[in-house]
Each structure stands twice: as structure tokens, then as C-alpha cells.
Amino acid sequence: MFNKVLIANRGEIALRVLRACKELGIDTVAVHSTADADAMHVRLADASVCIGPPPSRDSYLNIHEILAACEITGADAIHPGYGFLSENAKFAEILEAHGITFIGPSAEHIRVMGDKIEAKNTAQRLGIPVVPGSDGEITEEAEALRVASEIGFPVIVKAAAGGGGRGMKVAKDKSDLAQAFHTARTEAGAAFGDSAVYIEKYLAKPRHIEIQVLGDGKGGGIHLGERDCSLQRRHQKVWEEAASPALTAEQRSEIGEICANAVRELGYSGAGTVEFLYENDEFYFIEMNTRLQVEHPVTEMITRIDLVNEQLRVASGNGLSVTQEEVAYTGHAIECRINAENPQTFVPSPGQITYYHPPGGLGVRVDSGVYQGYSIPPYYDSLIGKLIVHGRTRDECMMRLRRALDEFVVDGIESTLPLFRDLVVNADIKAGDYDIHWLEKYLADH
Ligand code: ADP
């Protein structure tokens with residue numbers, strides 16, 4: 001196992017990684033920008049290094065400074081968390097060249113999955129069902145029209161280098177296509193420096209269902225079931241749950257086994273998530289994320305497997321602690337992403353938390369880096385914390401979530417807590433009856 005791990009991240013995820021390291025007796029190094037000198041991950045780590053001014057590109061994305069922090073402190077591995085450098089193949093390569101372990105998959109796997117066209121081709125080759133669409137990049141309007149007519153409207157034009165829900169345009173019919181195609185190309189070029197786009201069938205009422213996988217890097221791999229992340233705003237997940245209210249145990253093990261097989265065949269190392277849209281009992285691959293996900297705790301709650309512990313084990317050459325046969329699911333878990341935002345307009349609300357009282361009790365977990373008196377800086381994402389609740393059944397989980405949301409107090413700034421208090425008593429949500437468009441419609445009507 002490692003002696004010292006540097007955590008190249010901030011906020012709740014830096015704390016999450018730190019906790020797994022502490023349990024294994026691994027020393028931790030926090031890095032931080034000048035805006036984060038008071039952050040909890042800095043306070044709890046064994047050592048900390050300031051790596052630059054507030055803007056991410058000068059600090060949390062500054063590979064040179066992070067490497068220097070590694071050398072100064074003698075860290076032998078880096079955990080990238082999510083976001084920032086977690087899916088940067090060049091970063092993984094540079095670490096390897098410096099003899100520092102990147103806690104994540106190989107640079108090659110990050111690169112393949114980072115290009116959505118290549119990822120889709122790879123998925124198809126590995127027997128994973130994909131959304132019908134173009135074979136690869138589309139460069140001409142005429143070709144776009146031919147492909148779209150073949151697969152049938154509506155279609156969605158997507159950026160090969162896309163991420164964070166950006167660079168996607170829907171064309172309802174023929175008359176929309178030219179504009180969708182050109183706008184998507186221009187936006188992709190501006191946002192990602194790569195204007196390559198491809199076309200997919202636009203699914204009308206799918207759920208977003210993703211499979212958690214773990215690979216040992218030596219041809220072994222398992223899946224830990226699914227998460228349902230259909231409740232989204234602007235293609236960003238808001239509420240996630242496991243198990244999905246829509247799947248049967250047979251469907252779970254069938255799609256899970258397909259993904260675990262792919263992981264074994266790839267020789268994939270560490271944690272990953274295979275994302276699907278799910279409609280009329282069919283799964284359609286959209287992308288694979290080669291990192292720990294924000295919503296990983298719901299999987300941990302129902303499997304009782306510590307995903308960061310498994311990442312650390314695999315990266316240090318110790319293999320996975322569980323076999324597929326040993327994975328057992330118990331009960332139901334829901335995560336709410338509580339943001340420092342106005343609950344109606346979603347305008348960010350950074351500033352000082354004057355009073356803070358997180359909920360507790362049986363089955364309640366709060367992953368957060370904030371504390372009373374802490375000021376949420378305006379430079380980064382607006383996550384206050386994640387409330388994760390577990391119950392023996394979905395109904396018990398919902399009842400517990402309702403009372404946990406009632407207990408949760410965050411004063412001094414605005415938060416999205418009121419939105420979740422409304423959602424938890426909503427009839428559709430209680431029935432598990434929602435798709436990826438449900439929340440946008442709900443917000444438009446309320
Ligand atoms: P990103 O990497 O930007 O998050 P994804 O490919 O993962 O992009 O898609 C994000 C979300 O966009 C999905 O969860 C879904 O809501 C919507 N989406 C993507 N592809 C399609 C499609 N073919 N049909 C309908 N919705 C889609």
C-alpha cells in the first residue's frame with residue numbers, strides 16, 4: 001500500500017478520499033488555492049501545500065505546481081477526485097514518467113473514453129448496446145441529413161469531445177438539422193477546441209441509468225449494480241438513487257455482466273461508470289466516465305463496499321477486495337446534491353454560512369466540506385454537500401430522507417434544500433415515475 005497520497009482536489013471529494021486513506025493508515029497531503037486556505041480538507045490532511053491563486057487553471061489544474069507539491073512532500077501517489085485533472089490523460093502520463101502513481105485507469109483508457117466517438121466504437125466492439133447513430137464524425141451537412149433520415153428524426157448532434165452536458169443540439173425534423181449541425185460544431189470548437197460532432201437518435205423519454213464497475217487492471221473486473229440519475233437540470237444530475245425504480249434484478253445482472261465483461265476485456269484498472277439511456281426495456285450506451293463519480297455513495301450504501309478503498313487497493317497492486325459473487329445489495333439509497341444556489345433561479349449564492357446543522361441518525365450520511373462560519377468561495381462549483389440516505393426499502397428511504405431534509409439547516413446563504421423538500425413529497429417521485437425530462441418540466445410549472 002502507499003505511504004503518502006496527495007489529493008489533487010478540494011471540497012467534499014477531497015475529504016472523501018482523505019477518509020479512505022486515514023482508515024488505511026496512509027498519510028495525506030492536501031493541495032489548495034489561496035481561496036481555500038481555510039477549507040476542511042486542508043485542516044484534516046497531515047500536510048498541505050498552497051499551489052496557486054483562486055482560478056482553477058492556476059491552482060487545481062496546474063500540473064507543474066501539483067508535481068512540485070508531490071516532490072516537496074514525498075507523496076508516492078495522487079488521487080484526482082472528480083472534475084479537475086481526473087480525466088486528463090496527459091496528467092496520468094506525466095505522473096507515470098515521474099514515477100508517481102495516478103490513482104485511476106491507464107492514460108490510454110482515459111483517452112479512448114474521453115473521445116465519445118472512439119468510446120462508442122469501443123463499447124460496440126465489446127458487446128455493449130449503443131444509441132443508433134452515425135458511424136463516426138460527420139463533417140458535411142449533406143452527410144448529416146443522409147444519416148439523420150436513415151435513423152429517423154428527432155436526432156441529437158453531439159460533440160465528440162463533449163462533457164458537462166455541453167455541445168449538444170437536438171433537431172426535431174429536417175428543417176432543424178442544418179442549424180443544429182452548424183451550431184453544435186461551432187460550440188464544440190469554442191468549448192473544447194475540437195469541432196468534431198456525431199449524430200444519434202434522440203430518445204424521447206429515457207431514464208439515465210449507469211453501471212458502476214471496478215477493474216483490477218489484470219483482466220479481472222466486477223460491477224456493483226446501477227444508479228438511476230434521471231432527475232437532471234440542464235443535463236446535470238440533481239438526485240440519484242440505487243437501485244433504479246425501473247429495473248428488475250434480472251435486468252441489473254444482465255447489463256451489469258455486459259459491463260463487467262467489457263472491463264475485463266479492456267484490462268481496465270480502478271473505478272469507472274458506464275452510462276446508458278434506458279427506454280422501453282432497452283439500454284443505449286452514451287459514455288463511460290473513467291473516474292469516481294459524485295454520486296458514488298448511493299452504490300456504497302447498498303453494497304457496503306468502500307469505492308475509494310478499492311481504488312487505492314487496485315492502484316497499489318493489491319487487487320479488489322471482493323468477487324462478483326460476494327457483491328450483495330441491501331435496501332435502497334438516495335443522494336441529493338445540495339447546492340449554494342437559489343432554489344428557483346439556480347443563481348449561485350456563495351458567501352458565509354452563519355449557521356450549519358447537518359442531519360444525523362440511522363441511515364443518514366452527509367458528505368460535505370463545509371462548517372459553520374465557512375465561506376463558500378465564488379470560484380468553484382456551488383456544492384454545499386451531498387445528503388445520502390439509506391433505508392431497507394425505497395419507501396423507508398423516502399421517509400427518512402424527508403425527516404433528514406427537515407433537520408438540515410444552512411443559514412446565511414441560499415440553498416437548494418427547499419427544492420428537495422418539495423421533491424420528496426411529490427407523487428411522481430414517490431412512485432419512482434420520472435424520466436430525464438421530468439425535472440425540467442416540473443421546474444417550468446412551479
Ligand atoms: P456529457 O458528457 O456532456 O454529460 P452525455 O452524453 O453523458 O453528455 O449526455 C448527458 C445527458 O444528455 C444525458 O444524461 C441525457 O439527459 C442527454 N442525452 C444525451 N444523449 C442523448 C440522446 N441520444 N437522446 C436523448 N437525450 C440524450
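Modeller: A residue counts as buried when its relative accessible area is under 20%, and as exposed when that area is over 50%. The structure discussed here is a predicted model. In helix H5, the residues that count as buried are Ala107, His109, Ile110, Val112 and Met113.

Biologist: What covers the buried residues of H5?

Modeller: The cover includes helix H4 (89-97), strand S5 (101-102), helix H6, helix H9 and strand S13.

Biologist: Which residues of helix H6 are buried, in turn?

Modeller: In H6, which spans residues 116-125, they are Lys116, Ile117, Ala119, Lys120, Thr122 and Ala123. These residues pack against H5 (107-114), strand S6 (155-159), strand S8 (197-201), H9 (249-266) and S13 (282-289).

Biologist: What is found at the start of H6, and what just after H6?

Modeller: At the start, a side-chain oxygen of Asp115 comes within 2.9 Å of the backbone nitrogen of Ile117. Just after the helix, Gly127 has a positive phi of about 85°.

Biologist: Why is the pair of Tyr60 and Tyr380 called edge-to-face?

Modeller: Two aromatic rings are described by the distance of their centres and the angle of their planes. Rings pair if their centres lie within 6.5 Å, and planes over 60 degrees apart count as edge-to-face. For Tyr60 and Tyr380 the centres are 5.6 Å apart and the planes stand at 85°, so the pair is edge-to-face.

Biologist: Where in the chain do Tyr60 and Tyr380 lie?

Modeller: Tyr60 is in the loop between strand S3 (47-52) and helix H3 (63-73), whereas Tyr380 is in the loop between strand S18 (375-376) and strand S19 (383-391). The pair thus links distant parts of the chain, 320 residues apart. Ring pairs also join Tyr60, Phe84, Tyr379 and Tyr380 into a cluster.

Biologist: Is Tyr60 buried or exposed, and is Tyr380 buried or exposed?

Modeller: The limit for buried is under 20%. Tyr60 has a relative accessibility of 0%, so Tyr60 is buried. Tyr380 has a relative accessible area of 11% and therefore is buried too.

Biologist: Why is the pair of Tyr371 and Tyr374 called tilted?

Modeller: Planes under 30 degrees apart would count as stacked and planes over 60 as edge-to-face, with the rest tilted. The planes of Tyr371 and Tyr374 are at 55° and their centres 5.2 Å apart, so the pair is tilted. Tyr371 is buried, because its relative accessible area is 15%, and Tyr374 is buried because its area is 9%.

Biologist: How many aromatic pairs does the structure hold?

Modeller: The structure holds 10 aromatic pairs.

Biologist: What makes the backbone at Arg234 worth a remark?

Modeller: Most residues other than glycine have a negative phi. Arg234 is not a glycine, yet has a positive phi of about 50°. Arg234 sits in the loop between strand S10 (221-233) and strand S11. With a relative accessible area of 59%, Arg234 is exposed, because the limit for that term is over 50%.

Biologist: What can be said of phi at Phe346, and why does Phe346 count as buried?

Modeller: Phe346, also not a glycine, has a positive phi of about 65°. Phe346 lies in the loop between strand S14 (332-339) and strand S15 (351-352). Its relative accessibility is 12%, and therefore Phe346 counts as buried.

Biologist: What kind of peptide bond runs from Phe153 to Pro154, and what kind joins Ala242 and Ala243?

Modeller: Most peptide bonds are trans. The bond from Phe153 to Pro154 is cis, with omega near -5°. Pro154 is in the loop between helix H7 (141-151) and S6. The bond joining Ala242 and Ala243 is also cis, with omega about 0°. Ala243 belongs to the loop between S11 (236-242) and H9.

Biologist: How do you know that Ser415 is buried?

Modeller: The relative accessible area of Ser415 is 8%, so Ser415 is buried by the limit of under 20%. Ser415 lies in the loop between strand S20 (409-411) and helix H13 (417-423). A polar atom of the Ser415 side chain lies 3.1 Å from the backbone nitrogen of Leu417. This is a polar contact, because the cut-off is 3.5 Å. Neighbours within four places in sequence aside, Ser415 is in contact with Ile338, Asn339, Glu341, Pro343 and Ile384.

Technical notes. Residues numbered from 1 in each chain as written. Predicted model: local features only at pLDDT ≥ 70, side-chain atom pairs only at ≥ 80, totals over all residues. Heavy atoms only, no water. Buried < 20%, exposed > 50% of the residue type's maximum accessible area, 1.4 Å probe, protein only. Helix = DSSP H or I, 4+ residues; strand = E, 2+ residues; numbered from the N terminus. Contact = heavy atoms within 4.5 Å. Polar contact = N/O pair within 3.5 Å; in protein donor to acceptor, adjacent residues only side chain to side chain. Phe/Tyr/Trp six-rings, centres within 6.5 Å; stacked < 30°, edge-to-face > 60°.
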